Amino acid sequence: MLSRLQELRKEEETLLRVKAALHEQLTRLKVEELALQSMIRSREQDVPAPVPEDPQQILGQMDNEAAINQTELQLSIRDYEEEAEEEEEESDS
């Protein structure tokens with residue numbers, strides 16, 4: 001019973017770390033969105049925006065950015081999981 005409680009506490013810690021990582025990622029994305037909106041507004045005020053020559057290329061760039069963001073998120077989650085495993089091993093010894 002006690003070991004199950006310890007497992008649940010470790011799982012809770014891991015989930016809290018994942019939640020923090022997701023919250024951090026969301027905050028970064030919101031800041032990036034605001035920056036992009038600001039850039040768009042300033043361009044609209046200065047010069048009319050040119051029509052993109054190849055919309056597929058722009059979509060590809062957006063997909064690449066999304067893939068990079070997803071990879072970064074997965075890596076940060078792995079880091080948290082590895083830290084939790086190391087802490088678990090240390091506490092078991």
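User: Why is arginine 28 called partly exposed?

Analyst: Its relative accessibility is 42%. Buried means under 20% relative accessible area, exposed means over 50%, and partly exposed is what falls in between (1.4 Å probe, protein chains only). At 42%, arginine 28 sits in that middle class, so the label holds. Keep in mind that this is a predicted model, where local features need pLDDT of at least 70 and side-chain atom pairs count only at pLDDT 80 or more, while totals for chains, interfaces and linings use all residues. Residues are numbered from 1 along each chain as its sequence is written, and side-chain values use heavy atoms, with hydrogens and water left out.

User: What makes arginine 28 and glutamate 24 a salt bridge?

Analyst: The test is a side-chain nitrogen of Lys or Arg within 4 Å of a carboxyl oxygen of Asp or Glu. Here the N to O distance is 2.9 Å, so the pair passes. The two are about one helical turn apart, because they are 4 residues apart in helix H1. Glutamate 24 is partly exposed too, with a relative accessible area of 42%.

User: How many salt bridges does the whole structure have?

Analyst: The search turns up 2. Glutamate 7 and arginine 4 meet in a salt bridge at 3.6 Å, N to O, which is also within the 4 Å limit. Both lie in helix H1 (residues 2-46), 3 residues apart. Glutamate 7 is partly exposed at 46%, and arginine 4 is partly exposed at 46%.

User: Why does that spacing matter on a helix?

Analyst: An α-helix has 3.6 residues a turn, so residues three or four places apart point the same way.

User: How do you know that the length of H1 is close to what's expected?

Analyst: The expected span is 1.5 Å times one less than the number of residues. H1 has 45 residues and reaches 66 Å from its first C-alpha to its last, close to the expected 66 Å. As for what counts as a helix, it's a DSSP run (H or I, at least four residues), while a strand is a run of E with at least two. The chain has 2 helices and 0 strands.

User: Why is valine 18 called buried?

Analyst: Valine 18 has a relative accessible area of 19%, and the cut-off is under 20%, so it qualifies. It's one of the buried residues of H1, which also include Thr14 and Ala21. Its C-alpha is 7.4 Å from that of tyrosine 80, 62 residues apart along the chain. Across the 93 residues of the chain, buried ones make up 9%.

User: And is glutamate 89 buried or exposed?

Analyst: Exposed: its relative accessibility is 55%, which is over 50%. Glutamate 89 lies in helix H2 (residues 55-92).
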